[in-house]
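Subject: Structure handover

Hi,

Here is the structure I promised to pass on.

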Amino acid sequence: MEQEMERRERGHGEEGEGGDEKWVHDSSVDYKGRVPPRASTGVWKAASFIITIELSERLSYFGLATDLFNYFSKVLHQDSKTAAKNVNYWIGVTTVMPLLGGFLADAYTGQFYTVLLSSIIYVMGLSLLTMSQFIPRLKPCSNRKHCEHPRKVHEVVFFLGMYCVSLGTGGHKPCLESFGADQFDDNHPVERKKKMSYFNWWNFALCCGLLAGVTVIVYVDEYVGWGASYLILTSCMAFTILTFYAGKRFYRYRLPEGSPLTPMLQVLVAAIAKRNLPYPSNPDLLYEVPKSHKSKGRLLCHTNKLRFLDKAAIIEDKESLQSVEKKQSPWRLATVTKVEEMKLVLNMIPIWFTTLTFGLCVAQATTFFIKQSDTMNLEIIKDVSIPSASIYSISAVGMIISVTIYEKILVPLLRRATGTERGIKILQRIGFGMIFSVLSMSTAALVERKRLRVAEEELTGGKTGPVSMSVLWLAPQYLILGFGDGFTLVGLQEYFYGQVPDSMRSLGIAFYLSVIGVGNFYSSLLITVVDHATEKSNGTSWFRKDLNKSRLDNFYWLLAAMSGLNLCVFVFLAKRYSYKSVEGRLVVAGCEENGVS
């Protein structure tokens, strides 16, 4: 450790002679634990390995998630309401588990080894799904053509495999994306600009995996067999784990710093203990580690919000700084940086809550949207049909279009117009995407109402089975939702990664994923509440086994209204939000206008 500190100090001493170009001084290390050389580590040469395994994981995730509703309906013979709830539960658990994985990576295991271990668990889950289709005793039935009651052992193995995938995703998703972003040095102007593009191209790769998952994998599900698709996913994931490990020497690593929750708890305890002390006349009198003593990490500037927490940084006596540092416990005295980190996390909570309604809308794309497509004409051109779940690919197309337009057209224009490095504030990007969720739910309601009218007319005429209305009528609602994803979901990734304390970046990505996870739980809860309320008031639920007798259009109008009201609250909060911004080696939370926002 002493040798490492000497190398860092020697590197800092070279700054005036081009040391910043030769070495990376952002608290990261190379695979041998040394200060990483800039030329041979990080940036796109490292990120390419990381994006490769992400593409494979998204292929697996969307290949499973998109057709999961159909598996529950067609193989396990669950009704629409039960199948929708089970899909929501699985997606919810899968996207909430990263909170645990992100915490463990930041505190104890580090990002690289967390990704490696969780990827192995992920492959184990895919292997169980594959075995459930090929091993005779684990198959749903001995005769697949007449299988009304699948074996319990199959359900057990299938759900065990699916939730192993959830567990693997819990460590994989938050760490991999933040690990990729950590390959770019925030203190280096060229690399900082590349990092802004990184999130856009990360999502471009994500959409490519999504597209392959909801077209190729779903096609194999429908026309070859579930077992064949699971075997493909298992093989791809196993291969990309080896690829990820092969990039080991090119990565920049951040060492875990212990629980990120402990410093925040110390701030709270110290503030409560000194609640009766008066505020100092000048914020400069609050305790902070001198910059010359700061060996790693970055300092935050004091802000005037949540001033009660400032009391944790009040020095209780007038002794010298050295004596204060020796005497005071961190549970009694906190630095301004630790206090401001606590403020950053607290300021994020209202933003997190107001993004849940967007997650609620996204949840419909893998449940009721898919069920709608099941009841429609799947022929897109003469004699060419698509699997019902493949319509989800249009959402990925919308996201690719919006991300590309944003990166290649909007950002350069906005940079010139505003004179800022980013061009548009992160919360503005998120809010703009939320507008599309309102439009998507409104469009879905109008399309569903038309589908119900067509179904009623054809039923009156004696026609049974799927309605003649083309599945492409669902394209607008998917496309609009995809546009919203390109702004809101990518913006949320940037926001939660960039606005959390530096020691919580994996957890930051987990917070973003939890928006989708909690949104799915929220969807299940809302379905249950609406189901009981409509059945009690009207005698008929909006959600019935026969979709042609349900009222999904009313449910979509409800979601559109909720999204509109939520957007108003979000705009109110966003206008009053203070960003963490970067100025050289000093991070300034809300006290510099030209910072990162």
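Predicted model: local features only at pLDDT ≥ 70, side-chain atom pairs only at ≥ 80, totals over all residues.

Below is what turned up, topic by topic.

Residues are numbered from 1 along each chain as its sequence is written, and side-chain values use heavy atoms, with hydrogens and water left out.

**Aromatic rings**

The structure holds 47 aromatic pairs. The rings of Phe, Tyr and Trp (its six-membered ring) count as a pair if their centres lie within 6.5 Å; planes under 30 degrees apart are stacked, over 60 edge-to-face, and the rest tilted.

Take F49 and Y251, an edge-to-face pair with 6.4 Å centre to centre and 85° between the planes. These two come from distant parts of the chain, 202 residues apart: F49 is in helix α3 (residues 43–74), and Y251 is in the loop between α9 (226–246) and β2 (253–254). Helices (H or I, at least four residues) and strands (E, at least two) are DSSP runs, numbered from the N terminus. Y251 has a relative accessible area of 0%, so it is buried. For that word the cut-off is under 20% relative accessible area, with exposed over 50% and partly exposed in between (1.4 Å probe, protein chains only).

F179 and F244 are edge-to-face too, at 6.3 Å centre to centre and 70° between the planes. Because F179 lies in helix α7 (residues 152–181) and F244 in helix α9, their pair ties together parts that are 65 residues apart in sequence. Both F179 and F244 are buried.

There is also an aromatic cluster formed by Y61, F62, W90, F368, F369, Y392, Y478, F543, F555 and Y556. One of its members, Y61, has R58 over its face, 4.3 Å from the ring centre. Likewise, R429 has its charged end over the ring of Y406, 3.7 Å from the centre. To count, NZ of Lys or CZ of Arg must be within 6 Å of the ring centre and within 35 degrees of the ring normal.

**Backbone**

Most residues other than glycine have a negative phi. V43 has a positive one, near 45°; this residue lies in helix α3 and counts as buried because its relative accessibility is 11%. L306 also has a positive phi, near 50°. You will find L306 in the loop between β3 (299–300) and α11 (321–327), and at 38% relative accessibility it is partly exposed.

What about helix α10 (residues 261–273)? I272 is located there, and its relative accessible area of 41% makes it partly exposed.

L565, in helix α19 (residues 552–575), is exposed at 63% relative accessibility. L565 and V438 are 127 residues apart in sequence, yet their C-alpha atoms are 9.7 Å apart in space.

**Cysteines**

How many disulfides does a search of the whole structure find? Zero, taking a disulfide as a pair of cysteine sulfur atoms within 2.5 Å. As for individual cysteines, C361 is buried at 0% relative accessibility, whereas C568 is exposed at 55%.

Cheers
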